[in-house]
Amino acid sequence: MRIFLPFFILAFLAIDASGQIKLPDQINSGSDNMAIAMLPDSSFVVGTTDQSKFIVYRYAYKNGLWISEPNQLTELLNSIIYADSHLHFRFSNDFTRMVVMLHGKGDQRIYLTELQNGSWSFFRDIIDPISYSYFNFAPSFSLNNEKLYLSDNSKPANTIYCYNNTQLFIDRTTNVFSDFDEVYDVVGIGNDSFIIQAFSKKRKDRRWYFIKKMENGAWSVPYHIKELDGDQTKFSLSLTPFDNLMVYVSFFEGKVYLIETPEIIRNELAVARRESNVLPTQSTMQARSETDKDKGGNTVKPDGKFYALLIGNSNYLNNELDLSQPHKDVIKLEEVLTSHYMFEKKDVIRLENADRETIFRQLYQLRSVITKSDNLLIFYAGHGYWDEKVEQGYWWPTDARPDNPSNWLSNSDLREQLRGLNTAHTLLISDACFSGGIFKTRGGGDEIRKASAEIQLLYRMPSRRAMTSGTMSTVPDNSVFFKYLVKYLTENDTKFLPSSELFTQVRKSVLNNSLTVPQDGVIMGTGDEGGDFIFIKKD
């Protein structure tokens, strides 16, 4: 899906309604040899054919214009290009290494440069050309920089090569590609996982697939990534400094697009980062023009309070709906939040067995209390319902009747209330039947200054996110989801815990111990701008 970008990227980019980056006209030249990368300073390095010669440019967005600004890296790249040659390149996930594939006059070379003391090193050959036949795309790094993945579509077997530390050949896989007639690009994601673009004559199309090495050493069956369908000419697809965005060139158009990173890739990145203790590269985001700095932007100040509205409905007017756990759950959650995190008891509102009027009144009253620098956690445990005919999800307050929707609280009502709350971050946690419907739509204080840069970046951009105990299915009264939510909040030993990381831990345990599938994501239409709710642990 081509998307609008979060505000903190809009400060540097100019895009149209289709999501196309408005780079200068000469960049959108229709060249079939384009290479593209978005750098941590929000500039772009672009390789393209300009007047029959392949040239690498760097473009930075300043004072409302894209300015061509060569640097040491572009000078280095242009120095190795000769007549009738072109190159492709990819950066490592931390942007400290770059691997280059140089094509020309029937020859090809693979080079590596590394960032050392602020400067890029001279290129060195890293793979003997005799050891491979022909690669169309630049190699791709594993997240920990220990491996390089290369695709070789000149062989009938469609081999993926893996080199260790860019020197030693350690693995290749062919058996998982038996259904494909041609394998194209390969993009490293985790430490033992990648995505490939493959062509099937039977289906007559190209698709992207996710593949991962399993514990027994075998490769998984390719998983079709449907989110990357739609444009079969994606070329030079790669990660960016933002885990939620990828960049590619449309092969025939020669135009550059940013797209939303598919969920399976985001999840794999999160798991690989935890396993390798590798932080996101957002920490290196630097470039803002002096004009943009003066404007300040729509950022969040690190001096807000943490509020919580905890709703647990156990006792219903219709006794047949009674539950045993929700009122106990909110008591337990309040204790965890106030004892372990930056929630004060006076700022936690606990509603046990609340009817529709009580819930609405409390949400409305919060408008006059919460400021745009504050954080709000809303937790709901109780009955939920999905009305298939109107494609609408509901919470059932205690005065709800199954045969009368007049007292139900719809997802639409809830989204409207969230839009009215001018918070820095709102996190909705819903432990109820059919709680995944919240994603469906029709048509602490100075403590944050001590956080690492990537946590501060997530904090300073407004967020409106939700995590739910299930998708469109029922969930048990004795909630496995709540059990692991409290477990990981209690056992967490990190100072700053993004809700996305908390969800990843909870989801894995729930999937291993129940038949429900927790969900996480942005609540559309409520003002999310790409940040995250950060749980700040008390000292």
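Reader: Hi! How do the residues lining the largest cavity divide into nonpolar, polar and charged?
Author: Eleven are nonpolar, seven polar and one charged (Ala, Val, Leu, Ile, Met, Phe, Trp, Tyr, Cys and Pro count as nonpolar, Asp, Glu, Lys and Arg as charged, the others, Gly among them, as polar). This is a predicted model, where local features need pLDDT of at least 70, side-chain atom pairs count only at pLDDT 80 or more, and totals for chains, interfaces and linings use all residues. Residues are numbered from 1 along each chain as its sequence is written, and side-chain values use heavy atoms, without hydrogens and water.

Reader: How much space lies in that cavity?
Author: About 180 Å³ (a cavity is a set of points on a 1 Å grid over the protein atoms alone where a 1.4 Å probe fits but cannot get out; lining residues have an atom within 4 Å of a point). Closest to its centre, of the 19 lining residues, are Phe91, Ser92, Asn93, Ser238 and Leu239.

Reader: New topic! At what angle do α5 and α9 cross?
Author: Roughly 15°, and the axes of α5 (326–340) and α9 (480–491) come within 10 Å. That makes α5 roughly parallel to α9 (angles under 35 degrees count as such).

Reader: Which residues meet there?
Author: Asp329, Lys332, Leu333, Val336 and His340 in α5 meet Phe482, Val486, Leu489 and Thr490 in α9 (contact means heavy atoms within 4.5 Å). Five of these are nonpolar, two polar and two charged.

Reader: And what does α9 meet in α10?
Author: Leu502, Gln505, Val506, Ser509, Val510 and Asn513 in α10 meet α9 residues including Tyr484 and Leu489.

Terms used: On a 1 Å grid over the protein atoms alone, a cavity is a set of points where a 1.4 Å probe fits but cannot get out, and a pocket is an open set with protein on both sides within 12 Å along at least five of seven lines; lining residues have an atom within 4 Å of a point. Grid points are joined across faces, edges and corners, and a volume is the space filled by probe spheres set on the points. Axes are lines fitted to C-alpha atoms, for helices over the stretch in contact, and angles run from 0 to 180 degrees between N-to-C directions. Helices (H or I, at least four residues) and strands (E, at least two) are DSSP runs, numbered from the N terminus. Angles under 35 degrees count as roughly parallel, over 145 as roughly antiparallel, 65 to 115 as roughly perpendicular and the rest as oblique.
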